Amino acid sequence: MIEFHEDSNALQIHYYLSDKSHSMNAYTLNKAENELLKIIGEVSKILDIQVVTEAYALEEGGIKEIYKFVLKHKKQAKYIGAFLAGISATIISDVVGNSIKTDAELEMLKKEELRLSIEKLKRELEDSDPENTQANTLIIENLSIVLAETNKVKISKSNFYNTLLNEEKISKVSTQELDRNLEPIGQEKIVPRADFNKFIIEEAEIEDEFLEQVELEIVSPVLRRNRSKWKAIYNDNSFSFTMKDNYFQELVITRNLSFSNGTSIICDLETSQKLDMEGEIIPGAKRVYNVSAIIYKDGTRYDVE
């Protein structure tokens with residue numbers, strides 16, 4: 001059985017409609033709601049907060065959606081969990097996204113830097129005086145900015161605002177933190193339609209991964225002049241690749257170089273990468289350059305000259 005704390009808070013999303021109606025395209029609303037739940041889920045996961053998100057019935061006045069966060073039994077997250085609605089509201093409405101242009105190594109460093117910053121701010125919030133509203137507000141704002149820099153949050157927020165642009169009726173959207181009685185806390189955060197584009201990621205580029213002089217076990221070589229792909233194993237992963245070392249390819253054909261079971265090559269390996277719509281780096285096509293040697297199963301080495 002799940003136990004719940006009495007502490008809970010809520011997040012209100014208000015879609016203002018220009019024609020003063022109380023209806024909008026259901027597909028657009030459901031798609032936007034899905035991206036919001038992804039943001040809330042990712043923030044909860046990063047902060048190690050276990051919550052049940054309850055949706056309240058829509059209210060009129062444009063369209064209002066209310067999400068109530070009920071904390072599961074988890075003592076170390078009880079205090080910070082009480083601020084989940086405020087953190088989510090700030091991330092959605094206040095922090096402008098930037099294009100994502102990075103590489104795999106930088107991505108790992110960024111993730112570690114963000115993790116350390118988040119842990120530091122979590123400790124500050126857990127140790128702060130509940131009555132010191134000004135100090136807590138500053139910590140929450142800083143924590144929200146750091147959380148908003150994570151790729152998954154950036155992309156879900158970008159998808160959210162991009163979806164809203166498809167509904168011409170929407171003139172602005174706002175977030176509002178509510179207390180356990182669904183009464184407003186603090187200021188409503190409003191984003192006019194003209195600012196939606198500020199939150200949309202136009203570029204999500206990940207530089208190719210390039211590994212120098214690695215050993216690939218050849219599973220299937222290409223022994224003729226055609227566009228077929230070679231197959232190899234690296235780090236226990238099997239994959240196909242395009243041989244871009246034309247000199248080596250020609251050498252394989254003209255000298256009838258053999259490739260028996262367990263034969264490897266030493267080469268440079270390039271892998272295309274992209275960022276998917278969930279913020280994960282996905283490896284793509286692989287290419288091989290600068291083959292310097294063939295190594296046979298018995299240890300014999302043939303250097304490519």
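Which residues form one aromatic cluster? Trp230, Phe239, Phe241, Phe248 and Phe259 do. The model is predicted, so local features need pLDDT of at least 70 and side-chain atom pairs count only at pLDDT 80 or more, while totals for chains, interfaces and linings use all residues. Residues are numbered from 1 along each chain as its sequence is written, and side-chain values use heavy atoms, with hydrogens and water left out.

Rings of Phe, Tyr and Trp (its six-membered ring) pair if their centres lie within 6.5 Å; planes under 30 degrees apart count as stacked, over 60 as edge-to-face and the rest as tilted. By this rule there are 8 aromatic pairs. One of them joins Trp230 and Phe248, whose ring centres are 6.0 Å apart with planes at 40°, so the pair is tilted. Trp230 belongs to strand β9 (residues 230-234) and Phe248 to helix α7 (residues 246-254), so this pair ties together parts that are 18 residues apart in sequence. Helices (H or I, at least four residues) and strands (E, at least two) are DSSP runs, numbered from the N terminus.

Phe239 is buried at a relative accessible area of 11%, and Phe241 is buried at 0%.

Phe239 also has a charge over its ring: Lys286 lies over the face, 5.1 Å from the ring centre. Such a charge requires NZ of Lys or CZ of Arg within 6 Å of the ring centre and within 35 degrees of the ring normal. Lys172 lies over the face of Tyr16, at 4.6 Å from the ring centre.

Notes. Buried means under 20% relative accessible area, exposed over 50%, partly exposed in between (1.4 Å probe, protein chains only).
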